[in-house]
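Load the model in your viewer and keep the sequence panel open. The tour goes from one selection to the next and says what is found at each stop.

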Amino acid sequence: MSTLLWPAIISSVSALLGVAMGGFLTARVQKRQWARGQQIEACAAIVVESTRVQLSLRGQWKHDQRVDWMPWNEALAKISLVADRAVVEAAGEVDAVFWQHSDRIGRGEIADEAAWFVATELMEAARLAFVNIAKRHVLGSADRLDRLPVRRPSGYMPGVGGTAPSPSDLP
């Protein structure tokens, strides 16, 4: 082969390797972005559905309404597929608190607003822990929330005064 041909061959092979490597890296970045998007969606579903379940549990307690667990279970299934162990376990803790209080409601152990308030505090604590773990593991954020954006005054107890709505105003 001619010595003039070698630079052309080397140049062509280098260009092909560059294109292949670029395609590989682009696909890898896109896969990471897709996975992160799926994790964010799954975490958002847990937050949304946990709010719905908590309100449904109140309906179960006050009005003997049935809780539809299907959307919650779907959110749990999705999070278990796309999130890491710490996030999945935090979602599982929320689920455990929900089932504990659903059972307590069924047994008549939550008899008044004060007992409901205690149950709500436990549910919101589990939900807050989930949010903070998700922020750290999925978003890489070190910023922690001290409370969920529920604006009930800290330490509020039903029937003790304050500006929070009366229990009869709640669903």
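Select E49 and R52 to begin: the two form a salt bridge, with their closest N and O atoms 2.6 Å apart. A salt bridge here is a side-chain nitrogen of Lys or Arg within 4 Å of a carboxyl oxygen of Asp or Glu. This is a predicted model, in which local features need pLDDT of at least 70 and side-chain atom pairs count only at pLDDT 80 or more, while totals for chains, interfaces and linings use all residues. Residues are numbered from 1 along each chain as its sequence is written, and side-chain values use heavy atoms, with hydrogens and water left out.

Both E49 and R52 sit in helix α1, three residues apart, about one turn of the helix. Helices are DSSP runs (H or I, at least four residues), numbered from the N terminus. E49 is buried at 15% relative accessible area, whereas R52 is partly exposed at 25%. Buried means under 20% relative accessible area, exposed over 50%, and partly exposed in between (1.4 Å probe, protein chains only).

Next, select R58, K62 and E113, which are linked in a network of salt bridges. The R58 and E113 side chains meet at 2.9 Å, N to O. That pair links distant parts of the chain, with R58 in helix α1 and E113 in helix α4 (residues 113-139), 55 residues apart. How far apart are the closest N and O atoms of K62 and E113? They are 3.4 Å apart. Because K62 lies in helix α1 and E113 in helix α4, this pair ties together parts that are 51 residues apart in sequence. R58 is buried, at 3% relative accessibility, and E113 is buried at 16%; K62, at 35%, is partly exposed. In total, the structure holds seven salt bridges.

Now move to helix α2, residues 70-82. Its 13 residues reach 19 Å from first C-alpha to last, close to the 18 Å expected at 1.5 Å a residue; the expected span is 1.5 Å times one less than the number of residues. Which residues of α2 are buried? They are W72, A75, L76 and I79. Seen down the axis of α2, the buried residues fall within an arc of 100°, so they line one face of the helix; the arc is that of the directions from the helix axis to the C-beta atoms. On the face of α2 turned away from the buried side, look for the exposed residues M70 and L81.

Key
Helices (H or I, at least four residues) and strands (E, at least two) are DSSP runs, numbered from the N terminus.
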